Amino acid sequence: MSDTINLDPDKIQEEELDKDNLWGSYLTTMQRRVVPEDVNLFQRSEDLFGNMYSGYFAGTQNWEGGANGTTYAISNEWKDAPFKSAFVEFLSSWNILRQKVDSTSVLFAVGEIVKVEAMHKATDMYGPLPYLKFGLTNPVPYDSQQAIYESFFKELDHAIDILVKFDQANPSSKALVKFDLIFNSNIPNWIRFANSLKLRLAMRISAVYEDAQKIAEAAVAHPYGVIESNDNNPTMQSNSNLSFTYNNPIHSISSAEGYEEDVMGATMDAYLNGFEDPRRAVFFALSSNGNYRGLRNGHKNGDIFKGDEGLSKPNIQQGTPYIWMTAAEVFFLRAEGALKQWGMKGTPEALYKSGIRASFEQHGVKNVENYLVSTKVPARYPGFKASPSAPAPSDITVVWNTSSTKKQLEQIITQKWIAMYPLGQEAWSEFRRTGYPKIYEIVNNESGGVISTSIQIRRVPFPYSEYLGNKDEVEKAIKLLNGPDTGATRLWWDLADK
């Protein structure tokens with residue numbers, strides 16, 4: 001009795017985790033499945049959608065005979081892949097964890113944060129999803145995207161509350177060290193990441209959700225704050241203590257030892273070369289011509305470019321870590337919030353510059369101060385063999401525009417787009433939300449007129465597998481979508497009038 005008499009009964013004690021440790025391996029599995037490690041699943045669920053539509057990469061293959069997602073003709077197999085990644089691979093582990101672990105435990109709380117990180121990507125691809133009652137009922141009803149986002153915020157708040165109480169009672173605890181591949185059981189880092197996720201999601205829905213400002217400001221003002229240092233970036237990487245070796249799937253897709261199916265996108269070419277951005281040497285390899293050369297997206301005969309040494313490949317190696325969110329992104333989110341006159345602890349200009357500095361530091365690149373005052377603009381894409389040339393996508397500079405709020409927003413989002421590389425799914429979502437950066441149109445549109453080449457693709461249609469096994473609920477989901485189940489229908493937060 002004497003050992004426990006002074007303990008606060010409302011605070012979670014570290015030894016209480018012992019009973020949950022049996023289930024910690026499910027957290028490890030969840031973390032590994034936020035971004036699929038399987039090369040084929042990663043390619044079909046993330047790479048051929050977000051990485052292409054964001055302008056980061058272009059494909060050098062003629063998948064499905066040229067009528068594929070990169071040309072806006074999405075096959076049933078491609079429609080299914082992101083859903084399989086989220087629901088079959090990822091949520092199956094969460095469904096076990098949540099049933100076996102006390103909802104007030106640290107293990108549960110960290111699992112909630114990881115769940116939001118994985119599932120917000122899925123809803124931002126499809127829109128409505130069978131989320132809130134997954135694992136509880138059959139058939140599983142679809143929820144509106146607004147309901148899903150509201151659930152995300154509740155889950156993050158619950159997790160933050162649990163983790164703050166635990167950290168205050170058990171400072172410097174390593175309770176999850178046997179299972180945590182991302183932060184090595186650094187609880188304050190998990191709290192900062194959760195707040196940063198709240199900020200990212202609040203900004204995503206800021207044009208359509210009344211409480212977005214309040215949520216964003218609360219995240220930034222929280223005592224633990226948001227991510228401000230690259231040391232706090234949530235990162236998937238090899239961990240010798242846990243006998244885990246991470247293999248980055250982008251390397252297998254792009255390298256000569258792998259598929260050779262990803263090269264630099266023409267939009268990246270235009271911005272990085274026009275700005276003479278020193279990060280281009282970190283992001284991409286020089287071509288055989290001694291330059292950084294990209295390819296237009298959406299070639300139905302993309303295989304004619306396969307293995308062409310005149311194109312730059314992603315400079316991503318087998319062991320390159322995969323970062324879920326960066327300090328730079330968080331600074332740019334705050335810069336945009338400040339531009340909206342939200343309380344973000346800084347001015348738009350100062351936070352914009354902090355974002356660029358954080359990105360340069362992350363990649364070990366120098367001369368950031370010279371870059372910050374650069375008046376260079378994006379370059380014209382010169383074309384590459386059968387890939388047509390195109391005018392410069394924009395006339396923005398790196399140096400802060402002092403006269404136009406619209407230009408300032410474009411600067412913030414464009415620099416965030418560069419800094420988030422290679423998180424193509426997040427970059428595509430931000431392009432759809434803001435219209436920035438300005439991304440080159442695809443070359444061959446095989447959608448039969450369903451998707452506008454100029455407006456560009458807005459979502460992934462619902463999975464074919466769901467039409468087969470959950471058809472009645474999918475039909476209801478189409479009503480929640482407020483439009484036909486095509487790639488042209490905008491999501492809840494994607495307003496036509498930006």
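**A covered helix, its salt bridges and its cores**

Modeller: Helix α9 (residues 266-274) is mostly covered, with nine of its nine residues buried. This is a predicted model: local features need pLDDT of at least 70, side-chain atom pairs count only at pLDDT 80 or more, and totals for chains, interfaces and linings use all residues. Residues are numbered from 1 along each chain as its sequence is written, and side-chain values use heavy atoms, without hydrogens and water.

Biologist: Which residues of α9 are called buried?

Modeller: A266, T267, M268, D269, A270, Y271, L272, N273 and G274. Buried means under 20% relative accessible area, exposed means over 50%, and partly exposed lies in between (1.4 Å probe, protein chains only).

Biologist: What covers the buried residues of α9?

Modeller: The cover includes β3, α10 and α14 (405-420). After the helix comes E276, whose phi is positive, near 50 degrees. Helices here are DSSP runs of H or I with at least four residues, strands are runs of E with at least two, and numbering starts at the N terminus.

Biologist: What makes K313 and E260 a salt bridge?

Modeller: The rule asks for a side-chain nitrogen of Lys or Arg within 4 Å of a carboxyl oxygen of Asp or Glu. In K313 and E260 the closest N and O atoms are 2.8 Å apart, so the pair qualifies. K313 lies in the loop between α10 (280-283) and β4 (322-323), and E260 in the loop between α8 (249-254) and β3 (262-264), so the pair ties together parts 53 residues apart in sequence.

Biologist: Why are K313 and E260 called buried?

Modeller: K313 has a relative accessible area of 19%. E260 has 18%. Both values are under 20%, so both residues count as buried.

Biologist: What does the pair R200 and E117 tie together?

Modeller: R200 forms a salt bridge with E117, the closest N and O atoms being 3.5 Å apart. R200 sits in helix α6 (residues 187-204) and E117 in helix α4 (residues 106-126), so parts 83 residues apart in sequence are tied together. R200 and E117 are buried.

Biologist: How far apart along the helix are R433 and E430?

Modeller: They are three residues apart in helix α15 (residues 424-434), about one helical turn. R433 and E430 are buried. Both belong to a network of salt bridges that also includes E117 and R200. The count comes to 30 salt bridges.

Biologist: Which residues have the most contacts inside the largest nonpolar core?

Modeller: W190 and W324, in a core of 139 residues. Helix α4 gives the most to this core, with 13 residues. A nonpolar core is a set of buried Ala, Val, Leu, Ile, Met, Phe, Trp, Tyr and Cys residues joined through side-chain atoms within 4.5 Å. Leaving aside neighbours within four places in sequence, W190 is in contact (heavy atoms within 4.5 Å) with residues including V110, I113, F183 and W324. Apart from this core lies another of eleven residues, among them A58, A266, A270 and L311.

Biologist: How do you know how confident the predictor is?

Modeller: By pLDDT, the predictor's confidence in each residue, from 0 to 100. The mean is 95, and 96% of residues reach 70 or more. Over residues 1-14 the pLDDT is below 50. Where pLDDT is low, the predicted coordinates should not be read in detail.
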